[in-house]
Amino acid sequence: MLYVVIDHARSHGASEVLARPLPTEKNRPCLEFFKKSDFALDSDKKTWRWLINQDYTLPDEITLVRG
């Protein structure tokens, strides 16, 4: 999903993508994902940031079909 979000943001001229997962038990997997990703955690310790000029690679395990 992040690949699609970043690609969409890039195509619309955005300079960055920000994510702020809510700290709930249901969102724990999402928070763990961001911890393992290359998104940078801002100083507020709540916001994850991806700069659009960085490549975000589509994982080999995923095939994106646009239709």
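Predicted model: local features only at pLDDT ≥ 70, side-chain atom pairs only at ≥ 80, totals over all residues.
Trainee: Why is Arg49 called partly exposed?
Mentor: Its relative accessibility is 24%. Buried requires under 20%, and exposed requires over 50%. Arg49 falls in between, so it counts as partly exposed.

Trainee: What makes the contact of Arg49 with Glu16 a salt bridge?
Mentor: The closest N and O atoms are 2.5 Å apart. The cut-off is 4 Å, between a side-chain nitrogen of Lys or Arg and a carboxyl oxygen of Asp or Glu. The pair meets it, so the name applies.

Trainee: Which parts of the chain does this pair link?
Mentor: Distant ones. Arg49 sits in strand S3, residues 48–51, and Glu16 in strand S1, residues 16–19. They are 33 residues apart. Glu16 is partly exposed, with a relative accessible area of 30%. Glu16 and Arg49 also belong to a network of salt bridges with Asp42.

Trainee: How many salt bridges are there in the whole structure?
Mentor: The search finds 6. One of them joins the side chains of Asp44 and Arg20, at 2.9 Å from N to O.

Trainee: Why is that pair said to tie parts together?
Mentor: Look at where the two residues lie. Asp44 is in the loop between strand S2 (40–41) and S3, while Arg20 is in the loop between S1 and helix H2 (28–36). These parts are 24 residues apart in sequence, so the pair ties them together.

Trainee: Why do Asp44 and Arg20 get separate accessibility labels?
Mentor: Arg20 has a relative accessible area of 54%. That is over 50%, so Arg20 is exposed. Asp44 has 33%, which lies between the limits, so Asp44 is partly exposed.

Trainee: What makes the Lys35 and Glu32 contact a salt bridge?
Mentor: The N to O distance is 3.5 Å, within the 4 Å limit, so it qualifies. Both residues lie in helix H2, 3 residues apart, or about one helical turn. Glu32 is partly exposed at 33%.

Trainee: How do you know that S1 and S3 are paired?
Mentor: Count the bridges. There are 4 between S1 and S3, and the strands run antiparallel. Pairing needs at least two, so they pair. Within the sheet, Glu16 stands opposite Leu51 in S3.

Trainee: What makes S2 and S3 a pair?
Mentor: Here 2 bridges join them, again antiparallel. The limit is at least two, so S2 and S3 pair as well. Leu41 has Trp48 as its bridge partner in S3. Ala40 stands opposite Arg49 in S3. The hairpin of S2 and S3 has 6 residues between the strands, and Lys45 there takes a positive phi near 60°.

Trainee: Why are S1 and S2 called edge strands?
Mentor: The open sheet has 3 strands in the order S1-S3-S2. S1 and S2 each have a single partner strand, so one side of each is left without a neighbour in the sheet.

Trainee: What makes the set that includes Trp48 and Trp50 a nonpolar core?
Mentor: Members must be buried nonpolar residues of the listed types, joined through side-chain atoms within 4.5 Å. In the largest such core, 11 residues pass, including Trp48, Trp50, Leu2, Val17 and Tyr56. H1, S1 and S3 each supply at least two residues. H1 gives the most, with 3.

Trainee: Which residues lie closest to the centre of the largest pocket?
Mentor: The pocket holds about 240 Å³ of space. Met1, Leu2, Tyr3, Phe33 and Tyr56 are closest to its centre, out of 13 lining residues. H1 gives the most to the lining, with 4 residues.

Technical notes:
Residues numbered from 1 in each chain as written. Heavy atoms only, no water. Buried < 20%, exposed > 50% of the residue type's maximum accessible area, 1.4 Å probe, protein only. 1 Å grid on protein atoms, 1.4 Å probe; cavity = no way out; pocket = protein on both sides within 12 Å on 5 of 7 lines; lining within 4 Å. Points joined across faces, edges and corners; volume = space filled by probe spheres on them.
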